[in-house]
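Here is a friendly walk through a two-chain model, from single residues up to the interface. Please keep the viewer open as you read.

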Amino acid sequence: MSAYIIPIIFIALFCYSKYKKVNTYETFVKGAKKSIPLVVDIFPYIAAIMIAVALLRASGITSLLAYLLSPIFNALGIPTELIELVLLRPFTGSGSYALLNDVLVQYGADSYISRCACVILGCSETIFYVTTVYISQTKVKKLLYAIPIALICATFGSIIACLLCKIF
Amino acid sequence: MNKIWFIMIVGSICFLIWSDPSNILNVMIDASGEALSLAIELCAVYAVWLGVLELVEASGLGEKLAKLLHPLIKRIFKIDDAGAEKMIALNMSANMLGLGNAATPMGINAMKKLDDGSGTATPAMIMLIVINATSIQLLPSTVIGLRAAAGSASPSDIILPTIIATFCTCILGICLVKLCNKYFYKKLSKKYKHNKKEIKK
């Protein structure tokens, strides 16, 4: 079902544009042209955050943090095995998918731990990555409380995820 | 962001000097290479979506969508900018369809329009960041794919809990931003602007 949503939207959009007498080819090219400068602009931000995450993982700080924070997370209902995933998720998309794959292989795809991991990943976003990329084109330096709120929500999401997996 | 990045880099390097000093530069260059390949991938994705976006705008569908979502956006963001509203409408629609990468260029455009140049994020910008950071995702396709590949009996049975969890976090996010915008925004932004003036003097 979901595989049809995008194609249908595309057909509708192209036909509607034609109906509105828009030159589809020229317009599309005009828009697509903007992608290269956009990527050039955001590349340094992506690189900076990915370098920081790579160093963090290589240094072993994340596993140490996971160990230190396990009493807190356990109290909130998040299993020890998933702490590293919860900690890294705000920073990296590809990294957390790699971790999810490790969890799936290690504990079996249908275990409680694996289902929790899937829901945690499904309901969260790479907060720091999204934030840096989104403000990269503006003059904003002070985000005030945007990141703390996003992190609170992510933690809350992880707690709910583990709770829901117990019910379903 | 400056502080967080600094702590991450310096902390990790201090740790690595103990355990594996020769590897530090390699790790950094590898990561930057990964970022480059991601950027190239994104360039392809954005080319498709920015092309489509241009069509959406040229055909006037953007305005229609914005009109449709107008009551919702007005409520959440409290803004009076038709251009920004349109971009936010497109950004939210793409997010709901699970097209995070398609939502990004629209989000960036919306951010540009919401920026007031003061250096401090406006309430609407904070809202947009939080909504995107807790994004409502109706179909976690990558996760389902990975789960199927790992041999799950019914890989899609995580959809329902995921949707419930994602709605909860998104609503919590919106409420928290609303509260903070109401009670803390003036104080905090004033404080910052005040500091800036002092520095100039």
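Apart from its neighbours within four places in sequence, B:I174 is in contact with B:I76 and B:I131, where contact means that the C-beta atoms of two residues, placed from the backbone, lie within 7 Å. Before going further, note that this is a predicted model, in which local features need pLDDT of at least 70, side-chain atom pairs count only at pLDDT 80 or more, and totals for chains, interfaces and linings use all residues. Residues are numbered from 1 along each chain as its sequence is written, while chains are lettered from A and ligands numbered from 1 in the order in which they are written.

B:I174 sits in helix α8 of chain B; helices here are DSSP runs of H or I with at least four residues, strands are runs of E with at least two, and both are numbered from the N terminus. It counts as partly exposed, with 18 C-beta neighbours inside 10 Å. On this scale a residue is buried if 20 or more other C-beta atoms, placed from the backbone, lie within 10 Å of its own, exposed if 12 or fewer, and partly exposed in between.

B:T166 is also found in helix α8 of chain B. Is B:T166 buried or exposed? With 24 C-beta neighbours inside 10 Å, B:T166 counts as buried. Leaving aside neighbours within four places in sequence, B:T166 is in contact with A:G122 and A:C123 of one chain and with B:I136 and B:Q137 of the other.

Over in chain A, A:L69 lies in helix α4 (residues 61-75) and is partly exposed, with 16 other C-beta atoms within 10 Å.

| Residue pair | Separation along the chain | C-alpha distance |
|---|---|---|
| B:I174 and B:A149 | 25 residues | 35 Å |
| B:T166 and B:G107 | 59 residues | 19 Å |
| A:L69 and A:A98 | 29 residues | 22 Å |

Helix α7 (residues 112-122) of chain A is largely enclosed by the rest of the structure, because nine of its eleven residues are buried. Those residues are A:S114, A:R115, A:C116, A:A117, A:C118, A:V119, A:I120, A:L121 and A:G122. They pack against α5 (83-88), α6 (93-107) and α9 of chain A, and also against α7 and α8 of chain B.

B:L128 is in contact with B:I88, B:G107, B:A110, B:M111 and B:L114, leaving aside its neighbours within four places in sequence.

How do the axes of α3 (residues 61-77) and α4 (residues 82-96) of chain B cross? They come within 8 Å and cross at roughly 90°, the axes being lines fitted to C-alpha atoms over the stretch in contact, with angles from 0 to 180 degrees between N-to-C directions. The two helices are therefore roughly perpendicular to each other, a label for angles of 65 to 115 degrees. Among the residues that make this contact are B:L65, B:L69 and B:I73 of α3(B), and B:I88, B:A89 and B:M92 of α4(B).

The loop between α3 and α4 of chain B holds B:K78, which has a positive phi of about 55° although it is not a glycine. Most residues other than glycine have a negative phi. B:K78 counts as exposed, with 12 C-beta neighbours inside 10 Å. In chain A, A:L144 has a positive phi of about 50° and is not a glycine either. A:L144 is found in the loop between α8 (127-135) and α9 (146-167) of chain A, and is buried, with 23 other C-beta atoms within 10 Å.

## Where the chains meet

Finally, 83 residues of chain B are in contact with 74 residues of chain A. On the chain B side, α2(B) gives the most, with 21 residues.

How values were computed: Parallel < 35°, antiparallel > 145°, perpendicular 65-115°, else oblique.
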